[in-house]
Amino acid sequence: MRVLVIEDDTTLGHALQEFLVEQGYAVDWLQEGDQVLGAVAGQAYDLLLLDLNLPGMSGLDVLRQLRVNGQQIPVLILTARDGVEDRVAGLDAGADDYVTKPFELPELAARVRAFARRRAGQAQPFIEAGPLVFDTVGREVRVHGERLALSVRELSVLEMLMGRAGRVVTKRQIVNSLSAWDADFSENAVEVYVYRLRKRLEGTGAGIQTVRGFGYLLDVESAA
């Protein structure tokens with residue numbers, strides 16, 4: 001899942017970006033409200049974490065303009081404004097959720113995971129594909145009850161394939177979902193992670209097929 005953080009406080013913005021990357025998300029970070037519309041127009045995001053007190057354009061104005069433009073990206077407001085009127089204004093402007101500062105990072109992570117489940121059409125915190133079970137809360141994959149030892153990147157690629165099990169996922173889709181602006185992540189890197197995942201999945205009853213000219217497909221039926 002690709003997340004855009006809009007937070008003008010350098011310390012908090014950097015901390016949020018670092019924390020969410022550790023959770024396995026691709027994260028871009030902006031500090032000014034008037035940068036957001038252009039960023040969203042040029043890149044597909046799955047979630048926006050939006051501060052309200054921003055230079056250039058306020059968070060509420062950003063949110064209203066996004067909705068006027070027809071952008072349906074989920075928006076989670078992060079703000080120190082904790083009054084009922086502020087929460088109502090944010091939700092009425094088109095926000096999907098609202099968290100007041102200071103907040104605990106585990107709570108934020110849980111809310112982000114909830115958005116990820118909605119995006120994947122999963123009501124429960126587990127994604128199942130054949131013998132594989134992905135725990136979106138614990139951020140781990142188990143096969144026949146045994147935990148697979150995976151790196152953060154391997155876990156993110158497998159999560160994407162499991163969420164689309166039986167369907168082709170292109171290299172470009174993987175790069176776009178997992179690569180932030182400043183990340184050195186290419187289609188060649190995708191090939192490396194897929195190669196590693198294939199080794200990890202040997203003998204599990206799940207495998208990754210290459211569909212030439214298109215991308216990859218998680219096969220949970222014919223794998224040996």
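**A walk through the sheets and helices**

Let's begin with a pair of strands: strand S1, residues 2-6, and strand S2 run side by side in the parallel sense, joined over 5 bridges. Two strands count as paired here if DSSP finds at least two bridges between them. Helices (H or I, at least four residues) and strands (E, at least two) are DSSP runs, numbered from the N terminus.

A word on what you are looking at. This is a predicted model, in which local features need pLDDT of at least 70 and side-chain atom pairs count only at pLDDT 80 or more, while totals for chains, interfaces and linings use all residues. Residues are numbered from 1 along each chain as its sequence is written, and side-chain values use heavy atoms, with hydrogens and water left out.

Now, where do S1 and S2 belong? They are part of an open sheet of 5 strands, in the order S2-S1-S3-S4-S5, with parallel pairing. Strand S2 (26-30) and strand S5 (97-100) are at the edges with a single partner strand each, so one side of each has no neighbour in the sheet. On average, neighbouring strands of this sheet are turned by 20° against each other, direction ignored. For angles like this, axes are lines fitted to C-alpha atoms, for helices over the stretch in contact, and angles run from 0 to 180 degrees between N-to-C directions.

Helices pack on this sheet too. Helix H1, residues 10-22, touches S1, S2, strand S3 (47-51) and strand S4 (75-79), and its direction makes about 170° with that of S2. Contact means heavy atoms within 4.5 Å. Helix H3, residues 59-68, lies across S3 and S4 and runs at about 150° to S3.

Side chains of opposite charge can pair when their charged atoms come close. Here, Arg 67 and Asp 96 meet through their side chains at 3.2 Å, N to O. Arg 67 sits in helix H3 and Asp 96 in the loop between helix H4 (84-92) and S5, so the pair ties together parts that are 29 residues apart in sequence. The count by this rule comes to 14 salt bridges.

What does the record say about this part? UniProt, in an unreviewed entry, places the feature "domain: Response regulatory" at residues 2-116. UniProt positions are given in the numbering used here, feature names are shortened, and annotations may be inferred rather than shown by experiment. In the model, that span is 44% helix and 21% strand, and its end C-alpha atoms lie 10 Å apart.

Strand S7 (residues 132-135) and strand S8 (residues 140-143) pair in the antiparallel sense over 4 bridges, and Val 133 has Arg 142 as its bridge partner in S8. There are 4 residues between S7 and S8 in this hairpin, and Arg 139 in the turn has a positive phi of about 55°. S8 then pairs with strand S9 (residues 146-147), again antiparallel, over 2 bridges. Arg 142 turns up here as well, standing opposite Arg 147 in S9. The hairpin of S8 and S9 has 2 residues between the strands, and His 144 takes a positive phi near 55°.

Next comes an open sheet of 3 strands, ordered S10-S12-S11, with antiparallel pairing. Which strands stand at its edges? They are strand S10 (168-170) and strand S11 (207-211), each with a single partner strand, so one side of each is left without a neighbour in the sheet. The twist averages 35° from one strand to the next. S11 and strand S12 (residues 215-219) pair over 5 bridges, and Thr 210 has Tyr 216 as its partner in S12. H6 lies across S10, S11 and S12, at about 70° to S12, while H7 touches S10 and S12.

To finish, how do the axes of helix H6 (residues 152-163) and helix H8 (residues 187-201) cross? They come within 10 Å and cross at roughly 85°. That makes H6 roughly perpendicular to H8, where angles under 35 degrees count as roughly parallel, over 145 as roughly antiparallel, 65 to 115 as roughly perpendicular and the rest as oblique. Among the residues making the contact are Val 157 and Leu 158 of H6 and Tyr 193 and Leu 197 of H8.

Technical notes:
A salt bridge is a side-chain nitrogen of Lys or Arg within 4 Å of a carboxyl oxygen of Asp or Glu.
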